[in-house]
Amino acid sequence: MSRIGKKPVDLPSGVSASVSGQTIEVKGPKGTRSFKATDDVTLTVEDNVVTITPRGKSKRARQQWGMSRTMVRNLVTGVSDGFKKELEIQGVGYRAAMNGNTLKLNLGLSHDVDYVPPAGVTVTAPKQTEIVVEGIDEQLVGQVAANIRAWRKPEPYKGKGIRYKGEFIFRKEGKKK
């Protein structure tokens, strides 16, 4: 039994959901998102609560049950609150700045890195050493943050690079004489 799937998803005020076939569309103050569930689950909306139930007792139906419930919860959270990932830059001379819609990164490479975020994601640099990625799609926000981090991952000796805020980097001891 899926413990996650059993829990219904509550719709906060200002958020509405509609089901047509296997597709659920969620509208909220930040936008509209939709998700197409597999044929292994049934989606129902009653009294500001979305309920997901499996169709049968197969292993695939139980897997899709929990996954579909999590996807619907992410839709509701995205259109009501949105998602946010914070990155911090550490290293001498490493910095970030916004140039219009483009994120300009100085990361010690022979050239500056210009990153244009995809539609639906907002990237800001409140300080030279901070980057904030925001949007209503959790997967897209996480992917954009990972793409930015991939330009200069934190290295284990000095800890230089781009890291998630609060991320712990296991440090190694340097070479001995």
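Reader: Before we get to percentages, what makes a stretch count as a helix or a strand here?
Author: Helices and strands are DSSP runs, a helix having at least four residues and a strand at least two. This is a predicted model, and over residues 91–164 its chain is 18% helix and 36% strand, with the end C-alpha atoms 14 Å apart.

Reader: What makes a set of residues a nonpolar core?
Author: The members are buried nonpolar residues joined through side-chain atoms within 4.5 Å, where buried means under 20% relative accessible area. The largest such core has 19 residues, and Leu103, Leu105, Val123, Ile131, Val133 and Ile148 touch the most other members. Among the elements that give two or more residues to this core are β7 (83–90), β9 (102–106), β11 (121–124) and β12 (130–135). The largest share, four residues, comes from α3. Apart from this core lies another of 17 residues, including Ile24, Val26, Phe35 and Ala37.

Reader: Which residues is leucine 103 in contact with, beyond its neighbours within four places in sequence?
Author: Contact asks for heavy atoms within 4.5 Å. By that test, the partners of leucine 103 include Met98, Val113, Tyr115, Val123, Ile131 and Ile148.

Reader: How do you know that β8 and β9 are paired?
Author: Pairing takes at least two bridges between the strands. β8 and β9 have five, in the antiparallel sense, and therefore they count as a pair. Within this pairing, methionine 98 stands opposite leucine 103, while alanine 97 has lysine 104 as its bridge partner.

Reader: Which residue takes a positive phi in the hairpin of β8 and β9?
Author: That is glycine 100, with a phi near 70°. The hairpin has two residues between the strands.

Reader: Why do β8 and β10 stand at the edges of the sheet?
Author: Three strands form an open, antiparallel sheet in the order β8-β9-β10. β8 (95–99) and β10 each have a single partner strand, so one side of each is left without a neighbour in the sheet. From one strand to the next, the twist averages 25°.

Conventions
Residues are numbered from 1 along each chain as its sequence is written. This is a predicted model: local features need pLDDT of at least 70, side-chain atom pairs count only at pLDDT 80 or more; totals for chains, interfaces and linings use all residues. Side-chain values use heavy atoms; hydrogens and water are left out. Buried means under 20% relative accessible area, exposed over 50%, partly exposed in between (1.4 Å probe, protein chains only). Axes are lines fitted to C-alpha atoms, for helices over the stretch in contact, and angles run from 0 to 180 degrees between N-to-C directions.
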